[in-house]
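Trainee: I would like to work through this model one topic at a time. May we take the elements, the cores and the pocket in turn?

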Amino acid sequence: MSGLMELLQSAKKAGVKCAIGSSGCRENVEMIVEGLGIADLIDGSISGSDVTHGKPHPEIFTKAHELLGLRAEECVVVEDAVNGIVAGVAAGCKCIAVTTTASAETLSEAGASMCFADYSTVTIEQINELLR
């Protein structure tokens, strides 16, 4: 996940709230957060254990923006999967795609506003631009 740590650090420094919305079970999400050492860089997480409906249903991202105390239109979902983009759009969020699991064309067709090769090419400024 090239650039993920730097993106999360930039977000924290800029005061941007971040949450993980993963279809994985709670234990896996906690293991990843601990393994990557990002607990202090995120403001919470929603796992597959916390929702009734998985992606592409919007529930996971609806719960994530509610957890952050934000409205959907104040959030940008960063995703690498078509079902995640579909879920983010259905939740009312803007979406950025990282092309690690699907092509930029496929992710754009699913609703991504911008596509990047990896996290190292995404900036907080680009995320903020989507919200304007």
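This is a predicted model: local features need pLDDT of at least 70, side-chain atom pairs count only at pLDDT 80 or more; totals for chains, interfaces and linings use all residues.

Trainee: Which element gives the most residues to the largest nonpolar core?

Mentor: This core has 19 residues, and Leu7, Leu8, Ile38, Ile96, Val122 and Ile127 are those with the most contacts inside it. At least two residues each come from helix 1 (4-14), helix 2 (26-36), strand 4 (94-98) and helix 6 (124-131). The element that gives the most, with four residues, is helix 1.

Trainee: How many residues are in the other core, which lies apart from that one?

Mentor: Among the residues of this other core are Cys75, Ala87, Cys93 and Leu107.

Trainee: Which residues does isoleucine 38 touch, not counting residues up to four places away in sequence?

Mentor: Isoleucine 38 is one of the residues with the most contacts inside the largest nonpolar core. Not counting residues up to four places away in sequence, it touches Met5, Leu8, Ile20 and Val33.

Trainee: Is lysine 12 buried or partly exposed, and what distance separates its C-alpha atom from that of aspartate 43?

Mentor: Lysine 12 lies in helix 1, and it counts as partly exposed because its relative accessibility is 38%. Beyond four places in sequence, lysine 12 touches Asp40, Leu41 and Asp43. Lysine 12 and aspartate 43 are 31 residues apart along the chain, and their C-alpha atoms are separated by 9.4 Å.

Trainee: Which buried residues does helix 4 have, and within what arc do they fall?

Mentor: In helix 4 (residues 82-90), the buried residues are Gly84, Ile85, Ala87 and Gly88. Seen down the axis of helix 4, they line one face of the helix, because they fall within an arc of 165 degrees.

Trainee: Which elements are included in what covers the buried residues of helix 4?

Mentor: Glycine 84 is one of the buried residues of helix 4, and it is in contact with Lys55, Phe61 and Glu79 once neighbours within four places in sequence are left aside. For the buried residues of helix 4 together, the cover includes helix 3, strand 3, strand 4 and helix 5 (104-110).

Trainee: What is the relative accessibility of glycine 84, and how far apart are the C-alpha atoms of glycine 84 and alanine 112?

Mentor: Glycine 84 counts as buried because its relative accessibility is 0%. In sequence, glycine 84 and alanine 112 are 28 residues apart; in space, C-alpha to C-alpha, they are 9.8 Å apart.

Trainee: Is glutamate 59 buried or exposed, and what is its relative accessible area?

Mentor: Glutamate 59 is in helix 3 (residues 59-68). Not counting residues up to four places away in sequence, it touches Val51, Thr52 and His53. Glutamate 59 is buried because its relative accessible area is under 20%; the value is 13%.

Trainee: Which elements do the buried residues of helix 3 pack against?

Mentor: The buried residues of helix 3 are Glu59, Ile60, Phe61, Ala64, His65 and Leu68. They pack against strand 1, strand 2 (45-46), strand 3 and helix 4.

Trainee: Which residues does the cis peptide bond join, and what is its omega?

Mentor: Most peptide bonds are trans. Proline 56 lies in the loop between strand 2 and helix 3. The cis bond joins lysine 55 and proline 56, with omega about 20 degrees.

Trainee: What is the volume of the largest pocket?

Mentor: The lining of the largest pocket has 38 residues, of which Ala19, Ile20, Gly21, Val77 and Val78 lie nearest its centre. These lining residues divide into 28 nonpolar, five polar and five charged. The volume of the largest pocket is about 1,000 Å³.

Notes: Residues are numbered from 1 along each chain as its sequence is written. Side-chain values use heavy atoms; hydrogens and water are left out. Buried means under 20% relative accessible area, exposed over 50%, partly exposed in between (1.4 Å probe, protein chains only). Contact means heavy atoms within 4.5 Å. A nonpolar core is a set of buried Ala, Val, Leu, Ile, Met, Phe, Trp, Tyr and Cys residues joined through side-chain atoms within 4.5 Å. On a 1 Å grid over the protein atoms alone, a cavity is a set of points where a 1.4 Å probe fits but cannot get out, and a pocket is an open set with protein on both sides within 12 Å along at least five of seven lines; lining residues have an atom within 4 Å of a point. Grid points are joined across faces, edges and corners, and a volume is the space filled by probe spheres set on the points. Ala, Val, Leu, Ile, Met, Phe, Trp, Tyr, Cys and Pro count as nonpolar, Asp, Glu, Lys and Arg as charged, and the others, Gly among them, as polar. The arc is that of the directions from the helix axis to the C-beta atoms.
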